[in-house]
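Student: Could we go through this structure together, one question at a time? I would like to learn how to read it.

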Amino acid sequence: MASQLRGLIQFVRRQRKPFKVNLAKNIVQNFSLALTDQYQSIYITALGADPVKLGYVNSVGGVAGAAASIPIGWLADRFGVRRILLSALPLMALGSVIFALSTSWEITAIALLVSVLSFRMAMTVCPIICGNTLRDEERVMGMQLCDTLSALPRLAAPMAAAYIITISGGLNAVGIRPLYWLRAIGLLVAALIIYLYFTNPIEPRGEAEPPNIVKDLQRVFREGRMVKRWIIYLILSILPFYLYPYFPLYAKDVKGADQYILALMNMASTLIVVLLSLPTGGLADRFGRRRMILSMMPLYCASLLLLIYAPSPEYLILSGLLNGFNTLIAVTQGAITVELIPRELLGSWFGVLGLLRGLVGVLAPLIGGYLWEALSPSAVFYLILAAQLGKAAIL
């Protein structure tokens, strides 16, 4: 155990400074966001939204993400990751403040638009840092290590949030509201870390040549490998993340979960990531990304089935535990994603993917809301199961 710990410390030490500073930023950012993750859809419905309106609100966020992604990726290539992060994190904090001040579900749509726009900015450039600082043979290991360490705060944040909800008024708008003020403070701390310590992992191209976003995007499709196939695969992959607001809502309204069950679900999911990220990264680097993804898909599908058929709220904790395998899958997919494109085009490539994520983010919540109302709440999760079968077929 001691030798493994020394090996991990040595691994981090030999990485470049941008990777280490981004890791510190992610730790603070993830704790802040994890305070509200499980409770946001409940907060919005407590302010008057039904499942269909919840879909509308989240769809607004998808529009923001779609509109921003290609320009953000291109701007990161041109002017550097640091500037993007220093814009995204304060904007994310502003979204949290608007959430805290919301008195109706309509106002939360504005908060979500700002939050998703800024989160998409940060997430578009985050894999660029790993893509430009980690060696090919260590990339999955490095990304999983980053995920493991930055996930540790998610073990503490949900239960802390549940306690704050309990003493602030219960699982309702009044009880959840203080979490957004705390989230805003944490995100401003993350911005300060970037301002003080972060440097660009690769020199921005600046304006040495006239900006030509169309040319850069054409190069992505011309010089990349299996780009179109991978785009279809990723569209299916991100569907669960944009239907996530229905997970805690289903657990509360259909299965009877309280704030502590919801917190334990989130913590159990994070525990899988913490325990298995590094072994998964090592095995993926050694035996292949595709094999690891295919081996973890059935476990994630079991999580969905357990959520649907759980006979009591306590079983939802096991569902949350198995749900963590989807995060491990996503990180392993991320390593493939950065290896398909020349490094100088990673910003444009992730801009394209961000646009597609945004479009899915517009449609998926709307589809989820109508499935919930027109068929049954469980239909949302059967749709996600069907997407997993499509992913396996493409692989």
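Student: Which helix does Ser96 lie in?
Tutor: Residues are numbered from 1 along each chain as its sequence is written. This is a predicted model, where local features need pLDDT of at least 70, side-chain atom pairs count only at pLDDT 80 or more, and totals for chains, interfaces and linings use all residues, while side-chain values use heavy atoms, with hydrogens and water left out. Helices are DSSP runs (H or I, at least four residues), numbered from the N terminus. The run covering residues 81–101 holds Ser96, and that is helix 5.

Student: Is Ser96 buried or exposed?
Tutor: Buried means under 20% relative accessible area, exposed over 50%, and partly exposed in between (1.4 Å probe, protein chains only). Ser96 has 0% relative accessibility, so Ser96 counts as buried.

Student: With which side chain does the side chain of Ser96 make a polar contact?
Tutor: A polar contact is a pair of N or O atoms within 3.5 Å; within protein, one must be able to donate a hydrogen and the other to accept it, and residues adjacent in sequence count only if both atoms are side-chain atoms. For the side chain of Ser96 the distance is 2.7 Å, and the partner is the side chain of Arg183.

Student: What share of the chain's residues count as buried?
Tutor: Let's look at the whole chain now. It has 17 helices and zero strands. Of its 395 residues, the share that counts as buried is 57%.

Note on methods
Helix = DSSP H or I, 4+ residues; strand = E, 2+ residues; numbered from the N terminus.
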